[in-house]
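Hi,

Here is the structure I promised to send over. Have a look at it first, and then read on for what turned up.

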Amino acid sequence: MSELVAVPMHLAPVDLSHASRLVNHGPTVLVSTVQAGHRNLMAAAWSMPVEFTPPRIAVVIDKSTFTREQIRATGTLALSVPCRLQADLTFTVGQVSGRDHAGEGPDKFERYGLGAWTSPLLHLPLVEGCVGWMECRVIEEAHTQDAYDTFFVEVVGAWSDPRVFAQGRWSFRDDNRDLHTLHHLGAGVFAIPSDTLQGRLLPDQGALL
Ligand SMILES: Cc1cc2nc3c(=O)[nH]c(=O)nc-3n(C[C@H](O)[C@H](O)[C@H](O)COP(=O)(O)O)c2cc1C
């Protein structure tokens with residue numbers, strides 16, 4: 001599968017001050033890497049924003065993964081936020097290791113026919129058909145990596161599919177359900193955020209006491 005080298009026209013850049021919102025609600029993400037031309041991809045349910053500006057995210061990458069080897073070697077990773085249409089691909093890349101084919105033979109993109117485009121700054125593979133994307137530099141924190149498998153990254157570029165994320169906000173509606181993000185319940189079962197509501201301040205009754 002060929003890889004596009006420009007940001008696809010239909011995507012919108014996300015202001016870096018809004019990048020944390022892409023994962024604020026806890027979607028499963030796809031972590032992609034490239035080392036010496038060999039790409040890899042895995043699913044990660046455990047990620048969270050830890051800082052707005054500069055945008056920083058924590059993601060748990062197990063020691064057993066090939067992805068971790070590539071991250072340690074390159075100091076970079078990309079996050080793609082998959083949607084309802086991509087539940088099977090998300091589950092699959094989270095079940096199979098790229099280590100078996102490392103350096104030779106087809107990578108997971110090729111094995112499962114996944115399209116990709118290349119991030120402009122760090123030249124990382126981003127997964128086509130997702131609804132959010134971030135290219136990231138790893139913040140070197142050996143202790144959290146070794147003790148907790150937790151990698152802190154700084155987002156240096158972010159994009160979204162404006163049909164579902166625009167002006168720094170997700171908009172999950174009935175008419176874009178196929179683009180809703182995936183939330184892993186375990187064992188390959190995902191929930192999607194098909195309903196949203198606005199939280200409001202409770203009236204403070206303390207003044208009346
Ligand atoms: C839905 C889903 C979520 C997952 N979340 C994580 C995670 O947060 N952290 C992790 O280390 N592995 C997670 N995994 C497992 C990895 O994706 C899996 O070990 C993968 O095969 C590693 O691929 P690699 O060896 O090519 O890097 C998850 C798997 C699935 C299916």
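Below are my notes on the nonpolar cores and on one strand that keeps coming up.

First, a caveat: this is a predicted model.

Let's start with the inside. The largest nonpolar core has 29 residues, and the members that touch the most others are Val31, Leu77, Leu79, Met134 and Trp170. The biggest contribution comes from E11, at 4 residues.

Leaving out residues up to four places away in sequence, Val31 is in contact with Asn40, Leu41, Met42, Ala44, Val59, Ile61, Thr67, Ile71, Leu77, Ala78 and Leu79.

Now back to E11. Of its 11 residues, 8 are buried, so the strand is mostly covered. Which strands does E11 pair with in the antiparallel sense?

- E10, over 8 bridges; one to look at is Val138, whose bridge partner in E11 is Val153.
- E6, over 5 bridges; here Val60 has Thr150 as its bridge partner in E11.
- E2 (residues 12-13), over 2 bridges; Ala12 is bridged to Ser160 of E11.

As general background, nonpolar side chains in soluble globular proteins tend to be buried together.

Cheers

Note on methods:
Residues numbered from 1 in each chain as written. Predicted model: local features only at pLDDT ≥ 70, side-chain atom pairs only at ≥ 80, totals over all residues. Heavy atoms only, no water. Core = buried A, V, L, I, M, F, W, Y, C linked by side-chain atoms within 4.5 Å. Buried < 20%, exposed > 50% of the residue type's maximum accessible area, 1.4 Å probe, protein only. Contact = heavy atoms within 4.5 Å. Pairing = 2+ DSSP bridges.
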